[in-house]
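The overview is followed by points grouped by topic.

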Amino acid sequence: MVKKLVLFLLIGLILGVGFSKTTIVFWHHEAPAHRVAAFQKVIKLFEKENPDIKVVQQVIPWGDAWPKTLAAIQSGTTPDFQFSLPELTITAYQAGALVPVDDIIKEIDEKYGYIKSQLAPYKFDDHYWGVPIWTMPMVLLYRPSYLEKYLGTKEPPKTWNELLLAAQKITLLSSKEGETIYGIGLTAGNNLCTQEQVYTIMSNVGVEVFDKDGNLTFNTPQTLRAVEFYKDLFKFSPPGATGWAWGEIEMNFTAGKIAMMPYFGGLQKRFYELKNFDLDGVLQPYPVDGRKANLIYPNDVHIYKSAVEKGHLEAVKKFILFMMRPDINAILTAEMEPGSFVPVTEAAQKSEHYWNNPIIKAFKHLNEVIIEATNYGTLYGFEHGYAANLAIGSISGANIIAEMIQKVVTGEMGVKEAVEWAEGRMKEFLK
Amino acid sequence: MKKGVWLVLPVVILALFVTVLPLVNMVYRSFQKTMFGFGKAEFIGLGNYLSLFKDGTFLPSLGRSFIWVFENLAIQLTVPLLIALLLSGNNAFYYSMRTFILIPWVLPMVVISIIWRWILEPNVGILGYFLREYLRIGPINFFGSKSLAFHTLAFINSWHFIPFGTILMLAALSTVPVDLYDAAKVDGASSWQRFVYITFPLIGRTIWFVGLLAFMWSFNSFDLIWLVTQGGPGDTTLTLPVYIYKLAFKMYNYGKASAASLISMAILIGVAALYFKIFSPREGA
């Protein structure tokens, strides 16, 4: 009888402990298996330190992110928190589904020191609505061997003129030798890849989609200049680039068809696997009267109101703070996508956990350039350090800038006409 | 009430819930200015409908959808019949070929999109390699060229559908009595005459049915176009379903997207009704 009672109490205790665990669920959109594995590694480490919290990851491919997020908000089935981008966080905010995260930002900033520019895309209406977890700066990737062979130097171009001349020379000289190597890799597909490449060029001449008060200021001499330069440079990009997205440009660069391209540094992983170390990077070249700048895309986590309603907020905060610890953040950056996912805090950027990653080490100079680029990064619509106009979420989602470039490089419209067209389309979102 | 009615009632209610309710919601939203289809919304009457006809994109995308359908139909009605005629033999070779040709049909559209993007990539794709090396042609920009992208996608879409059409045609061909052909041969009819006067009339109903399915599926085609070109380059592959998706999920104009969807539905119902009236096989055919 006593034995039965003890057994009964023991079972009750175990079940009680099990039921007293808080389970938090998050969505992310990084579907490749190695990224899912990296998230799971972080989850396991967190659960070890926090046995009373269970964390569940659910993967939604990027293509489904917006429809599924909106459907979840409408039906009240949102996860506790979600990995996101500025446009998606703005969308979720506009749908009234998020809680502000000022306290979390403050705590992370005090502990680890945020790179301040990375907070800009998530500040609107005087609060922060997303916690930047990692960021993605664009730099000019290049193949040193191609520069040496066709330009007689390993030194990459530093200005727009040098970039254009280098692209032209490499394309023409390689063609004379019977090779098909193109000086520059630029896309003109109707997609985010194009939009980001265009904007990294636009940032060098100070293009602003909105002014400080949220008025549309896209159709400016700076924009015309940037689009004109993109059009000129695009002539030395491989055929087919008018239909390219991420996969095609990466494949062509890795296959040796392209000498240089403004891109994220994550290609170093593929080069490392192929034991090809002919890869380096430099800050985005800019005109002599322009400025050092590049596109940067901080990725964040936003928290749903449902987390508060379910009493999960403290557990979610704990997990977010855990992810920002430099040793853990290195798993989400250096281990998950070395060179593409880059730390957003000074502590994580300097951490030995980041720099001791074998791929980061193998391409040390490239990664130093990538880290430096985080200081000059900017993003369309957030040039003033905050979201000047929330319509940027829709404008970006509609790929208007990419569509504009496509019209220019396919000859459908001239530069002036295309920029006017783009501004007209943007105005529709302001109504 | 008869027992049978009670038995089917739960399914009928479920079917109404997943078809009629979204339709009613769509009609309701089509008269509103709303970003996401929930939350803030403003009644604007026919504003969305008028905006569609004025926006300079809706009507061209509708026209493009019809051109898309006719181009696909031209391939999807003829090629399956040809292949079915070729594979209508009765031995192990024909049986195994009938299995292999199903491969395009069973592949998911995501896989098809990726495969063809790689095959047709001008610089590193395998087709580009053969064209350059052996025919000295190219590089050809299949998906980035305004003159080629549309037709390339129509080809791929038809490539996906052809196995299904072929199987239906093969099934129809197997129902044609063999002695009719024997009698016709005895009377001196040529292959072409046997096809025109025996085969074609007797499988007419199947051709009609394949045509109806090809029309509906082609008109509503979204995934292939979105995965490969997103409606580009420019607007050259922007058909109506792609435009509706962009309106709803990229431009967050749910009201306008609802209006466009309803117009699309009305067109499809109208065309289907005409198709039934004009092209329905006559009794005894």
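**An enclosed helix and its setting**

In this predicted model, 8 of the 9 residues of α4(A) are buried, so this helix is largely enclosed by the rest of the structure. A residue is buried if 20 or more other C-beta atoms lie within 10 Å of its own, exposed if 12 or fewer, and partly exposed in between, with C-beta atoms placed from the backbone. Helices (H or I, at least four residues) and strands (E, at least two) are DSSP runs, numbered from the N terminus.

Local features need pLDDT of at least 70 and side-chain atom pairs count only at pLDDT 80 or more, while totals for chains, interfaces and linings use all residues. Residues are numbered from 1 along each chain as its sequence is written, and chains are lettered from A and ligands numbered from 1 in the order in which they are written.

**Helix α4 of chain A**

- The buried residues of α4(A) are Pro86(A), Glu87(A), Leu88(A), Thr89(A), Ile90(A), Thr91(A), Ala92(A) and Tyr93(A).
- Their cover includes α3, β3 (81-84), β12 (299-303) and α19 of chain A.
- After α4(A) comes Gly96(A), with a positive phi near 75°.

**Chain A as a whole**

- Chain A has 21 helices and 14 strands.
- Its radius of gyration, taken over C-alpha atoms, is 23 Å, close to the 22 Å that the globule rule gives for 431 residues, so chain A is as compact as a globular protein of that length. The globule rule is 2.2 Å times the number of residues to the power 0.38.
- Along the principal axes, the C-alpha atoms of chain A fill a box of roughly 95 × 50 × 35 Å.
- Of the 431 residues of chain A, 53% count as buried.
- Among contacts (C-beta atoms, placed from the backbone, within 7 Å) in chain A between residues at least 6 apart in sequence, 76% join residues at least 24 apart.

**Domains of chain A**

- Chain A is divided into domain 1 (21-131 + 301-359) and domain 2 (138-295 + 391-430), with bounds that come from an automatic or database domain assignment.
- The centres of these two domains, taken over C-alpha atoms, are separated by 29 Å.
- Their contact takes 9 residues from domain 1 and 10 residues from domain 2.
- Helix α4 (residues 86-94) gives the most to the side of domain 1 that touches domain 2, with 3 residues.
- That side of domain 1 has 4 nonpolar, 3 polar and 2 charged residues. Here Ala, Val, Leu, Ile, Met, Phe, Trp, Tyr, Cys and Pro count as nonpolar, Asp, Glu, Lys and Arg as charged, and the others, Gly among them, as polar.

**The largest nonpolar core**

- A nonpolar core is a set of buried Ala, Val, Leu, Ile, Met, Phe, Trp, Tyr and Cys residues joined through C-beta atoms within 7 Å.
- The largest such core has 189 residues, and those touching the most other members are Val139(A), Leu141(A), Tyr230(A), Met260(A), Met261(A), Leu332(A) and Ile405(A).
- Helix α8 (residues 149-173) of chain B gives the most to this core, with 11 residues.
- At least three residues of this core come from each of domain 1 and domain 2 of chain A.

**Confidence**

- The mean pLDDT (the predictor's confidence in each residue, from 0 to 100) of chain B is 91, and 98% of its residues reach 70 or more.
- The model scores ipTM 0.82 and pTM 0.88.

Technical notes
Contact = placed C-beta atoms within 7 Å.
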